[in-house]
Amino acid sequence: MKKATYFLILTFLLVFLTATPSNAQTRRTKPRQPTQEELDKQKAQQDALANLGSGKLDTESEIGNASGFHGLVRGGLKGFQITAENAKKAGLNVIDSPRLLLVTDLPIDEDLQKWGLYLDQATMQFAEYFNVPSYQVASWKIRACVMKDNVPFMMNDLLPDGLPPFDYGFQYGNNVWLYAQESRDYQRHLFLHECTHAFMNQVLKGCGSLWFGEGLAEYFGTHRIENGRLTMGVMPRSRNEFPHWGRIRFIQNDLQNGVFVPLNEFFTTELKSQDNRSYAWAWALVWMMNSQPQYKAILQRLAVVEQGKNYAQRAQNVNKMFRESFTDDQWRQFSTQWEAFISDLEYGLNPEFCRIEDAPSVTPLNKQSFQTIRSDKDWQNVGVGVEKGKKYSIKAMGEYSVCAGEKTWPCEPNGITIRYFRQKPLGALLAAIVTPNDGENSQLEGFNKPIVVGNSVQFTAPQSGALWFKINRLPNVTPADGSVIKIIIEDIP
Ligand SMILES: [Zn+2]
């Protein structure tokens with residue numbers, strides 16, 4: 001590129017940095033046909049990928065993490081330096097702040113301009129979550145490339161030799177690369193996702209196993225910005241609030257197709273594939289755990305576990321410690337909680353809503369049992385066992401209120417039949433027969449296929465298990481009252 005051009009870009013940048021966003025000048029590298037030299041370089045990258053293979057790795061200097069790709073980089077990545085100088089050589093836009101050096105072929109808009117500030121907030125939140133003293137991360141800095149067309153990055157030593165192809169983002173050391181996304185929010189999501197990997201790899205010295213590292217990266221990546229304040233680890237309020245994110249939809253589609261990922265699968269087989277669908281499951285597990293203090297503490301302990309010599313060792317250590325954080329009884333309880341959470345999962349889910357209450361023990365029904373549940377809690381185990389193929393009757397009485405959008409309605413166990421949630425009357429009393437399991441069960445039946453009890457119901461138990469009850473409530477509202485509902489369970493000879 002000619003000197004005059006550099007000068008021009010430099011001028012643009014200076015103008016930009018002192019200008020208001022409305023008159024800012026921007027530059028964009030247009031996609032074009034690559035030259036032979038560029039094609040050769042691409043080919044070399046692909047060849048380098050072949051070395052990654054699935055065989056044993058003898059040396060491993062750092063781990064790369066990506067959305068859509070997770071791989072080990074043999075011998076480390078070389079031949080790159082994300083610097084303002086290289087960016088200028090490439091004619092790219094640069095923002096340099098204490099926390100972030102950003103290089104991009106996108107026009108620098110108001111959003112990108114604030115990424116340094118967002119990363120600053122994110123760093124403080126990472127430090128707090130992972131219990132790292134803030135002085136330790138005072139000078140932690142990320143170098144990031146946001147690319148529409150990767151060619152100018154590749155040709156100017158901004159993309160490393162041997163970087164495996166990736167669809168969304170990639171992290172290596174304190175460097176991250178992202179492809180530009182249609183949705184600004186999703187683009188920022190990927191940025192925070194990769195920054196989480198960078199923080200864990202660089203500051204905590206390891207990401208742990210795949211579900212763990214990706215789950216946390218997805219958790220922190222799912223964020224909201226309100227009045228310039230970044231909040232990570234949020235539950236999206238609606239599908240429209242998080243375009244292109246789709247994690248809840250992946251899980252709901254899986255459930256509709258009879259696919260459920262039981263807890264054991266996370267750490268015995270690792271994530272089966274590294275696509276957005278498996279990331280969705282890892283996100284869900286980490287979100288659920290972070291929503292309850294006793295499980296959150298486990299994640300926090302795992303993040304600083306002895307990381308071992310290499311990736312496989314790290315993954316093993318984390319997975320082993322994960323399981324060992326629970327007694328067998330606690331593991332069964334956790335597994336039941338996971339089933340209830342996945343069945344309840346909806347946009348806007350209130351964390352208060354997804355805490356189940358287990359009974360200390362379950363006794364098989366002997367003719368008749370009187371029980372009570374609360375209308376403001378999620379699934380409650382009343383400690384009554386039923387047997388597959390046997391007939392039962394349940395009657396219920398109580399008055400409580402149920403929220404339907406703006407309005408609160410008085411309600412009885414039949415529910416309000418003018419409003420529905422998941423094809424069942426809002427406010428209706430539901431029952432689930434749940435078989436205790438130790439995290440192996442890949443069929444989600446009980447919570448996912450509840451019986452509408454209403455004022456009364458008769459049914460034949462499709463499986464043996466304990467009876468759980470709850471009110472069919474919208475998942476995003478905090479119930480106004482906690483009235484008691486009386487339940488009579490009887491067997492029918
Ligand atoms: Zn990742």
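The legends below describe close-up views of a predicted model.

Residues are numbered from 1 along each chain as its sequence is written. Because the model is predicted, local features need pLDDT of at least 70 and side-chain atom pairs count only at pLDDT 80 or more, whereas totals for chains, interfaces and linings use all residues.

**Figure 1. Overview of the protein chain.** The protein chain has 14 helices and 22 strands; these are DSSP runs numbered from the N terminus, helices being H or I of at least four residues and strands being E of at least two. Of the 493 residues in the protein chain, 40% are buried. A residue is buried if 20 or more other C-beta atoms lie within 10 Å of its own, exposed if 12 or fewer, and partly exposed in between, with C-beta atoms placed from the backbone. Among contacts with a separation of 6 or more, 68% join residues 24 or more positions apart; two residues are in contact if their C-beta atoms, placed from the backbone, lie within 7 Å.

**Figure 2. The open antiparallel sheet of 4 strands.** The strand order is S11-S22-S13-S20, and the pairing is antiparallel; two strands pair if DSSP finds at least two bridges between them. S11 and strand S20 (456-460) stand at the edges with a single partner strand each, so one side of each is left without a neighbour in the sheet. From one strand to the next, the twist averages 20°. Strand S11 (residues 368-374) is joined to strand S22 (residues 484-492) over 7 bridges, with Ile 373 facing its bridge partner Ile 485 in S22. Strand S13 (residues 391-397) also pairs with S22 over 7 bridges, and here Lys 391 has Ile 492 as its bridge partner. S13 and S20 pair over 5 bridges; Gln 458 in S20 is the bridge partner of Ser 393.

**Figure 3. The open mixed sheet of 5 strands.** In this sheet the order is S10-S12-S21-S18-S19, and the pairing is mixed. Strand S18 (residues 429-434) and strand S21 (residues 465-471) run antiparallel and are joined by 6 bridges. Ala 431 has Phe 469 in S21 as its bridge partner.

**Figure 4. The largest nonpolar core.** This core has 118 residues, and those with the most contacts inside it are Leu 102 and Ala 284. A nonpolar core is a set of buried Ala, Val, Leu, Ile, Met, Phe, Trp, Tyr and Cys residues joined through C-beta atoms within 7 Å. Helix H11 (residues 276-290) gives the most to the core, with 11 residues. At least three residues come from each of domain 1 (26-324) and domain 2 (356-492), the bounds being taken from an automatic or database domain assignment. Not counting residues up to four places away in sequence, Ala 284 touches Ile 251, Ile 342 and Leu 345.

**Figure 5. Packing of H11 on H12.** H11 and helix H12 (residues 293-303) pack at an angle of about 120°, with their axes 6 Å apart. Axes are lines fitted to C-alpha atoms, for helices over the stretch in contact, and angles run from 0 to 180 degrees between N-to-C directions. H11 is therefore oblique to H12; angles under 35 degrees count as roughly parallel, over 145 as roughly antiparallel, 65 to 115 as roughly perpendicular and the rest as oblique. Val 286, Met 289 and Asn 290 in H11 meet Tyr 295, Lys 296, Ile 298 and Leu 299 in H12.

**Figure 6. The surroundings of Phe 170.** Phe 170 lies in strand S6 (residues 169-172). This residue counts as buried because Phe 170 has 30 C-beta neighbours inside 10 Å. Phe 170 and His 193 are 23 residues apart in sequence and 9.5 Å apart in space, C-alpha to C-alpha.
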